[in-house]
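Please work through the exercises below with the structure in view. Each task is followed by a solution in steps.

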Amino acid sequence: FQHMNNIVKIVLMSLVTVAVFAQKKPNVIYIYADDLGYGELGSYGQQKIKTPNLDKIAKEGIKFTQHYAAAPVCAPSRAMLMTGKNSGHSYIRGNYELGGFEDENEGGQMPLPEGTFTIAKLMKQAGYTTGAIGKWGLGMSNTTGDPNKQGFDYFYGYLCQKQAHNFYPTHLWENGKWDTLKNSYIQVHKPLAKDAPAAAFDYFKGKEYSVTKMAEKTVAFIKENQKKPFFLYLPYTGPHVSLQAPDEAVKDYMGQFEEHPYYGENGYASALYPRATYAAMITYMDKQVGEIIKLLKELGLDKNTIVMFSSDNGPTFKTGGADVDFFNSAGGLRGKKQDLYEGGIREPFIARWPGKIPQGKVSNHISVQYDLMATLSELTGQKAWDNDGVSFLPTLLGNTNKQKKHDYLYFEFPEKGGQVAIRIGDWKGVKSNMKKNKNAPWEIYNLLTDEKETTDVAAQHPELAKRFEEIMKKEHQPSHIRDWEFIDPKFSGKE
């Protein structure tokens, strides 16, 4: 009997250990801003826009200074984040649009294919409940790209990126079902006359702001899943134009900047106070992040939750009334959204995990968003499918001596003329306008001494140009879309 008692005790102790381990699986929240530049948080040098909650995350955790989006526009960046693939291997490499802007023509973007292995599927494999709240852009619910078919137990938000141009939509989507909002339909790209009165700008306002709705659903998801491990992906839509924010948020910036009304001449919604509205959009999103941290503390989840924050690409180019030069949105770096220069792809990345991530750390580890798959794989002990990432978990946890490094980062982008960029250590090579000239020369920059990419030193480094060329040939796999095939096209372009 004593022997049996000992066996029972051992079994019970094992069960308790398993239960404790299950409880200790850290929750993971990954917040993904839309078109937020490297210099738009106070912790990254922003002077005019207030981001106190995100700055606190940086102060209480770690801030990366050499972190990259995988692509310089929305859909491919999101696809590569989800799949751990670089842009030479990714199924989605550009913003391939389907359908139109009108509700009845909503068609979304190129969907992720059936059988794709995503970070959400990895986390489900690890026993997590998974949610995505925000902008998806990887397929409508009637396609293979439906987030509920790609590993997410719950989805709420925009399925189509074009719909996300309007922060007061008639509807959002909840697990494939249309969720009607109390907003009239807005033709968001309709310009106003240059002599339009102030009241005309009210056309672009509604009753229910999409970011507020998404924040409410975020709170509900966390409360509902507080007793089990969860993975929550929050691709919030600010500060991507249109310039739209709640009046009370805009009031906080009224009178702070010299203003000239924006009448929609460069597309997107017109705005009476464009600079104040742009700043308000970022501060309003920051406020929602603060509410998430506050809720985690109230529920006792704070110390068992990793919160990460980044953005999908650099700040917008001259479109939609956003004055990103005024705000120094790219932090002085060259280029913007759609560019493979630093301003188009270098992003803020901050992470917080009390007691695990050391406070106030700044890391210059060279990393990229397609590393998230490998990082979550190491965190959970789950095997990921083939990917191009290197886990940055050792850097997060302060074990820098165990941190593996990339041999290089690879970027290709079929839009804006066809571009390629490669980073090897401090060296960066860039090719542009490859659709006109497949053999365009490499520009080469030393980012250690020339972070703003002002001085091309290609003439002094032919050996680097040769190496960049070899990497491009190795990393580029033919795409299934003709428009994306600019590196080694098997057609003349004259057919």
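**Exercise 1.** Determine whether K213 is buried or exposed, and identify its salt-bridge partner.

*Solution.* Step 1: K213 has a relative accessibility of 15% and therefore counts as buried; buried means under 20% relative accessible area, exposed over 50%, and partly exposed in between, with a 1.4 Å probe and protein chains only. Step 2: its partner is E208, with the closest N and O atoms 3.8 Å apart. A salt bridge requires a side-chain nitrogen of Lys or Arg within 4 Å of a carboxyl oxygen of Asp or Glu. Step 3: E208 is buried as well, at 17%.

The model is predicted: local features need pLDDT of at least 70 and side-chain atom pairs 80 or more, while totals for chains, interfaces and linings use all residues. Residues are numbered from 1 along each chain as its sequence is written, and side-chain values use heavy atoms, leaving out hydrogens and water.

**Exercise 2.** Describe the salt bridge between E453 and K428.

*Solution.* Step 1: the N to O distance is 2.9 Å. Step 2: E453 lies in the loop between β17 (443–446) and α11 (462–475), and K428 in strand β16 (residues 427–431), so the pair ties together parts 25 residues apart in sequence. Helices (H or I, at least four residues) and strands (E, at least two) are DSSP runs numbered from the N terminus. Step 3: both residues, E453 and K428, are buried. Step 4: through shared partners, salt bridges join E342, R346, K428, E451 and E453 into one network.

**Exercise 3.** State how many salt bridges the whole structure contains.

*Solution.* A search of the whole structure finds 29 salt bridges.
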